[in-house]
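I opened my notebook to look up how this protein is built. Here are my entries, in the order I made them.

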Amino acid sequence: MRAVLFACAALLLAALPLRAGEIDRLMTALHFEETVEIMRAEGLRYGGDVGDEMLSTVERARWDRVVGRVYDLERMLAQVQSRFARAMEGADTDTLLGFFEGQGAEVVALEIAGRRALLDDGTEAAAEARYAELAAADAPIVRHVATLIDDSDLIERNVAGALNANLGFYRGLADGGGLDLSEEEMLAEIWAQEPEMREETRDWMQAYLTMAYQPLAQEVLEAYIALYRSPEGQQLNRALFAAFDAMYEELSYQLGLATALTMEGEDL
């Protein structure tokens, strides 16, 4: 009996590095590092907007350095990787690796390129105009994008994540002494933003995915849709949102706290 237990334990220990290696391969195939780099660029721009709206000229002079510390690339990447790995525990990665290390590599590359392009406001406006043209023509790409959005619940998940991130910012601002609102008042403020946020999220998501996926062969896009309908794809979708939403909430809290402290002449 003891020999059997030792054998089982040895097999388990041998499997652990293998599972970790598979998750690492999956994160590499999904371009986590590039994704977080783009999110950092988005965060730096958003932080600059916050500074322009809420800080004085004197306070704004040192704000970019503060925002840079909040959106620390290495810390952001480590947070996302650890949370994603936990959320993917027990997942069957064979199907996911087979897709994303194969024909899905083009999908991810196009998603990354599209999101990087949308850092430019002019590109975003052009993408929305192009989506409107394709939607008016009832182009197949529009129907495929709608299916992907619905299957993965992308609007609801992104709106929920954005609302939680905004609440995190309010909480940080309040904890730093820059906002005098109760939790109930903060929630009321956040929910008042929901309709506009939903519309903006829908418009951005439709334009972004349509722009990104237009170069794909139809069979590849259909395979991608099928993947996200599978149990493995659904777990991947949940894990991605769990990892990135948690990071956004933490960053938003830190940015709110940093804003309040800067207004008080202190440092984060």
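**Notebook: fold, surface and charges**

I read along the sequence and noted the pattern α-α-α-α-α-α-α-α-α-α-α-α-α-α. I looked up the elements and found 14 helices and zero strands; helices (H or I, at least four residues) and strands (E, at least two) are DSSP runs, numbered from the N terminus.

I reminded myself that this is a predicted model, where local features need pLDDT of at least 70, side-chain atom pairs count only at pLDDT 80 or more, and totals for chains, interfaces and linings use all residues. Residues are numbered from 1 along each chain as its sequence is written, and side-chain values use heavy atoms, with hydrogens and water left out.

Next I checked the dimensions: the C-alpha trace spans about 65 × 65 × 35 Å along its principal axes. Of the 268 residues, 41% count as buried (under 20% relative accessible area; exposed is over 50%, partly exposed in between, with a 1.4 Å probe and protein chains only).

I then looked at contacts (heavy atoms within 4.5 Å). Among those with a separation of 6 or more, 84% join residues 24 or more positions apart.

For charges, I noted 22 positive and 49 negative side chains, with Lys and Arg counted as positive, Asp and Glu as negative, and His and the chain ends not counted. The centres of the two sets lie 5 Å apart, placing each charge at NZ of Lys, CZ of Arg, CG of Asp or CD of Glu.

Last, where does Asp180 sit? I found Asp180 in the loop between helix H10 (154–175) and helix H11 (183–192). Asp180 counts as exposed because its relative accessibility is 75%.
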